[in-house]
Amino acid sequence: DLQLTHAEFMKLSVGADPTVVECLQRAEREFPPGGELVRVSPGRDLLDRDEVTVVLGELRKPRNGRSKDELGFFREIFYQWSLAMHSKFNLLVLPHHTQVVCLLAFRHFLEMERGSTSCHALIAQVGTGEGKSMIVAALALYAVLALGKRAHVVMDDEVLLERDFFTFKRVFDAFEVPGPSMMSRRRPLSAFLCVSDERLAGRSGEPCLVARVPAKADICYCEAKHVQSYYASIARDENQDFDGYADCVLILDEVDALVIDEEPNEAFVYPNEDLSKMATSVASALARDASLDELSEIQNSSHPAAARVIAEMTKEWNRGRQMVMGEEFVYAKDVGRYCALHAGRADPKAWSLALECRNFQDGLGREILFQERLFVMSRPRVFRKYHRILGLTGSIGSKPEQCFLRDAYRTTFMSVPPFLKTCRGSPFHEAAPARLGERQRAVYVEVSQELQLTRLAEIALKARERVPVLIIARDRTYADRIVERLQHIARSQGLGAFSEDVVRSLSRTLYEADREQWKENLNRSTLAVGDGNGNRKSWRVTVTDPRGGRGTDYRVDDQTVDAHGGLLLIPTTIPTSRREWTQFLGRTARQDCRGQFCCVLSSADYTGLSRKYKQALPPDGGLEVIETILCWGDREASERIRGSAALYNCGVRVNELCEEVFGKRREILRDPVAREHLVDACQRFRWMSIQEVDVAFSRLSGLDPASIPTEAQDLGRPAEPISGSRSHFDRHALQHHRLGMRPYGTLPKVVVFCLDWSASMQSRDTRTPLSRFETCVACLQRILREQVRECDLVGVVVFGSHVQTVVPPTLKGQGGAMLEARIAGLRPQSAGGTCFFDAVAQCLQLLTQPRLADALPWLVCLTDGDDLGSRPQNARGELVTKMLQAGVPMRLNMVMITVGALKASNVQIIDSWVERVHSAGGLGRHLPERDAATIAKAFEVVAECLAAEVGGAIEC
């Protein structure tokens, strides 16, 4: 009912931005009741070929002999789409009224005049299963055909991206676009799909597949990373056209890529011919074990980057030796050298200085390619460059995310009513909570994963006797574990070999290993088992991961399933993102079918959030559990957005200034001194305020940052600079050299890692397949490989209910294999207790051993809770404080990582320690991580600190 459609749109627009109301009002004038696309009378047989031909003919031309067709290009787009769908499915598929109104509203928005204060982005909330893909494709075609623009369609799931592209490729191929002038011939519309290099290599016969966004493509379906690489290609081109985005529209299916709440910036590296020659000289010297004097001669050259090149080459030379063939690189016969491994394949385009060194060491390369960071891209700023941003999403997200979208992109929002709500007399269903299991609950919160698995088996294997069951695991690893457990229990219940048919995987692991089997499992997920006749009909249990919880269509056509409540969804985790939770629920209750859900959760997955916000999950297992977790997610999002605001603004400013240099002042790049200043600014901007960024760029000869307008706000430094940054250590290295002393960069380090291995470290709340402790172990292993030299020593101390020295400080060059084995074998305790203060005291004692007097001491600690169980005389860290006051050990560097909310008194104690270390001339850092999801980022800072200590720049 078209009249009801407009009424539902206007009902949802109450309180909306005036821009949205204006767009909807115009859509109603252009597509009024009585002006439907076609009239399908009750007597028509739409399976009859002749009748279908008549309907398609009506779709293609205006009704009632109107001289002006308000639908314009859309009418031909609808015709070609219906033709393609009929050819593929032998069914007549016409656009819903809701789709047409939505498209007309978007059209009006696209045609509005752009201004500095007008809305730049329009995001429509469209329910799952409501035909977003068709709206996206039609918008892309309209932008090209009617506006003469190009369209980048972004979707961050390569499976769904490929599915949608090939669904509409026939429609794209049906159109031609005008040439550049009136006399030019029309040409076919060009449409491309971006895929990985691996996929491209395996499908070389398909010209529509590309690895990068083509500059002149009319329509390109891609992921957000391809949009970034497209900008990077502009930044690397000799004739940069940073303003070319004005001729391109960005269309997003789901808006996750726009919500940038952690790392908003991306750095680009460029080759330097002079430094490559210098790096090759350093490599030759290192290969013959040259003396320090020989390296000093290179460092004393007139080139301003000499010290940096030597420091980076020394570090990466050692790292290159430690790289493992078959795991990190392979020999590629076609290029005659080692290449990095990405997704199991050799990637000749990937560059790393360590691999350059390894090729040199093994005689596969005679020259070192040296690249340096010269350009920083701000992702939100690049997105804003597009002519317009159009988004379609199942949920516009939390309030903090909506505020970010408004502020960053000048976004306004529109809601699209469900199609069935615009059809008089048609049922509309939403996923309903189902009380199942022994305790008849819609939400279960089990205290352990073992009990969670038991509950899943109870509910899923019983429910499948009535309806298909879809389980969404928290990650692919857990999905595989659930499949194994349910198949085992199904066999024990008498299903025998049929258990592998009854319980099927739909995880990402299976998709990557066997795509055809994955497709087969998807097709069978909602089909009855066996012949499915009579009352003996039963169904399958399908287990997927979060990827399968969004965008994948689980079609249910059996009326008996609807009578029993519809497809049963069993999430094993509630995502902290409301957008993702909406996607989960959208797997059931699709179209006019019923749907139901029953959550089976593990409280261990939410330990960190519960502790952080000092709130326990509701004990009764009601729907309040879901809302509590979602509210935690809202608070997290708000904190992340606030926490990254300064970094976002600094990135914007550096991006503006880099564009000025590369787009208008390229002569600056030919000045070695100015180039070194640029490298320094691009590597250290995260420790600068906007004012300091401008000061750094003012060192580039002839560049006046004050004359370059900015969108950025100065919110201060995103983070405090690492004590001992490159320029700081260059000065001291020069001083030591003049005095005949050994510079810090050549001194060995002794690094003691002090890790919490209490029971809470088993929590799997890192947003990765790894637990907190497993994340720590992985980070330690990487630092050991990449940042620790053969001449350095490493020790490991762990603490929980007691303190234990796992490895005393050990020389890596002699005990590297033992160190790796000991670290890999660490497992957290099951007991409680956190003797943190005692552990720090024991570490300081280890670092004061006489045999370590010539090494620079480093202490890196991580705890995820307050001290509980240290000795009475050290209950407030008194022993540690006394040692630091006495200057023991000398030249100490200390990094303290705390996860979650600690007591204010304990934070004050830790801050006093790092301040004392800093005041004594060492590096003192306290990294208070909000939650376990950022543990890995904290260890990245540790790696940066260790690199800075030897004068190394951060690898690009």
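Visitor: How many of the 956 residues of the protein count as buried?

Guide: In this predicted model, 57% of the 956 residues of the protein count as buried, where the word buried is kept for a relative accessible area under 20%.

Visitor: Why is arginine 373 called buried?

Guide: Arginine 373, which lies in strand β13 (residues 371–378), has a relative accessibility of 11%, and because the cut-off for buried is under 20%, arginine 373 counts as buried. Arginine 373 and glutamine 683 are 310 residues apart in sequence, yet from C-alpha to C-alpha they are 6.9 Å apart in space.

Visitor: What makes the radius of gyration of the protein agree with that of a compact globule?

Guide: A compact globule of 956 residues would have a radius of gyration near 30 Å, and the protein has 31 Å, so the two agree. Taken along the principal axes, the box that the C-alpha atoms fill is roughly 100 × 75 × 55 Å.

Visitor: What share of the contacts with a separation of 6 or more comes from residues 24 or more positions apart?

Guide: Such residues account for 76% of those contacts in the protein, a contact being heavy atoms within 4.5 Å.

Visitor: What makes strand β25 mostly covered?

Guide: Strand β25 (residues 793–799) has seven residues, and seven of them are buried. Leu793, Gly795, Val797 and Phe799 lie on one side and Val794, Val796 and Val798 on the other, and with all of these buried, both faces of β25 are covered. In a regular strand the side chains alternate between the two faces of the sheet.

Visitor: Which strands pair with β7, and which way do the residues of β7 point?

Guide: Strand β2 (residues 150–154) pairs with β7 in the parallel sense over four bridges, with histidine 152 opposite cysteine 220. Strand β5 (residues 191–194) also pairs with β7 in the parallel sense, over three bridges, and there leucine 193 stands opposite tyrosine 221. Within β7 (residues 219–222), Ile219 and Tyr221 point one way while Cys220 and Cys222 point the other way, and all of them are buried.

Note on methods: Residues numbered from 1 in each chain as written. Predicted model: local features only at pLDDT ≥ 70, side-chain atom pairs only at ≥ 80, totals over all residues. Heavy atoms only, no water. Rg over C-alpha atoms; globule rule 2.2 N^0.38 Å. Buried < 20%, exposed > 50% of the residue type's maximum accessible area, 1.4 Å probe, protein only. Helix = DSSP H or I, 4+ residues; strand = E, 2+ residues; numbered from the N terminus. Pairing = 2+ DSSP bridges.
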